[in-house]
Amino acid sequence: MSTAASAPSGDRRPLVVMEQVNKHFGDLHVLRDIDLTVHEGEVVVLIGPSGSGKSTLCRTINRLETIESGSISIDGRPLPEEGKALAQLRSDVGMVFQSFNLFAHKTILDNVTLGPTKVRGVGRKDAEARARQLLDRVGVGHQADKYPAQLSGGQQQRVAIARSLAMDPKVMLFDEPTSALDPEMINEVLDVMTQLARSGMTMIVVTHEMGFARKAADRVVFMSDGRIVEQATPEQFFTNPQSDRAKDFLGKILTH
Ligand SMILES: Nc1ncnc2c1ncn2[C@@H]1O[C@H](COP(=O)(O)OP(=O)(O)O)[C@@H](O)[C@H]1O
Ligand SMILES: [Mg+2]
């Protein structure tokens, strides 16, 4: 068990545990001795300069990237290498990216029911009922029969969130979910994420939206050059960053 510093977590169970994880791309050492434990219901915001390894860290958690050393487990089980167990793991870990990747030729409803019917074996009727419920929850219930191109970017990203939730994931990863959106659409997506956080979802969120971090995060994890440099509550981190790198980073983002 990692003893890395973290916010108090009571006796909630650890859902994502990374221990001494290392990853290279060729000569580039992108993840260095990463120790990170995320507990059930916890919301962790991952921030740091571009190229610091945030996306790679997220991608190792559902094994879109392999690692060279260390270990990662989800809900007490080590990441499977391949096959059925890997498909199961991927559906336990929801992921929302900058680009929404909805199927253009399928309706909004079909985009959301596809995973549950094909991967989870849920019946069509049940999948639709649940999809409509989730689409309502993210505020696009009335768009269910449209196609992705008929929706705004903010609406499409909320559909992408509903699609992930339809798989009943144990943890949700968000990698800069609002970075590709026009400014007026950012809040509608962050509001959905904030609600999700308050509902008790376990979340790891890479974002430059510091307002969201302050409002919704239990813990901020700051990365630089492939390392976790410091972690603290949002209040502590934003008002009293410890490392020079975090101070430098905050100076740049808050003044622009
Ligand atoms: N598939 C890849 N092949 C080679 N280098 C990569 C690949 N993906 C990311 N990198 C490099 O790894 C480093 C970390 O990237 P990334 O995890 O995307 O950082 P961040 O998300 O913090 O901006 C960067 O230097 C990036 O150029
Ligand atoms: Mg990234």
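Trainee: How many salt bridges does a search of the whole structure find?

Mentor: A salt bridge is a side-chain nitrogen of Lys or Arg within 4 Å of a carboxyl oxygen of Asp or Glu, and the search of the whole structure finds 16 of them. This is a predicted model, in which local features need pLDDT of at least 70 and side-chain atom pairs count only at pLDDT 80 or more, while totals for chains, interfaces and linings use all residues. Residues are numbered from 1 along each chain as its sequence is written, and side-chain values use heavy atoms, with hydrogens and water left out.

Trainee: Which parts of the chain does the pair R120 and D92 link?

Mentor: Helices (H or I, at least four residues) and strands (E, at least two) are DSSP runs, numbered from the N terminus. The side chains of R120 and D92 meet in a salt bridge at 3.8 Å, N to O. The pair links distant parts of the chain, with R120 in the loop between α3 (108-118) and α4 (124-137) and D92 in helix α2 (residues 83-92), 28 residues apart. R120 and D92 also belong to a network of salt bridges that links them with R13, E40, D75 and K170.

Trainee: Is D92 buried or exposed?

Mentor: Buried means under 20% relative accessible area, exposed over 50%, and partly exposed in between (1.4 Å probe, protein chains only). D92 has a relative accessible area of 9% and is therefore buried, whereas R120, at 30%, counts as partly exposed.

Trainee: Where does D225 lie, and with which residue does D225 form a salt bridge?

Mentor: D225 forms a salt bridge with R245, the closest N and O atoms being 3.2 Å apart. D225 lies in the loop between β9 (219-224) and β10 (227-232), and R245 in helix α9 (residues 244-254), 20 residues apart. D225 is exposed at 51% relative accessible area, and R245 is partly exposed at 40%.

Trainee: Which residues touch the most other members of the largest nonpolar core?

Mentor: In soluble globular proteins, nonpolar side chains tend to be buried together. A nonpolar core is a set of buried Ala, Val, Leu, Ile, Met, Phe, Trp, Tyr and Cys residues joined through side-chain atoms within 4.5 Å. Here the largest core has 49 residues, of which L135, I161, M172, F174, M193, M203 and F237 touch the most other members. Helix α6 (residues 183-198) gives the largest share of this core, eight residues. A second, separate core of 26 residues includes L36, V38, M95 and V171.

Methods:
Chains are lettered from A and ligands numbered from 1 in the order in which they are written.
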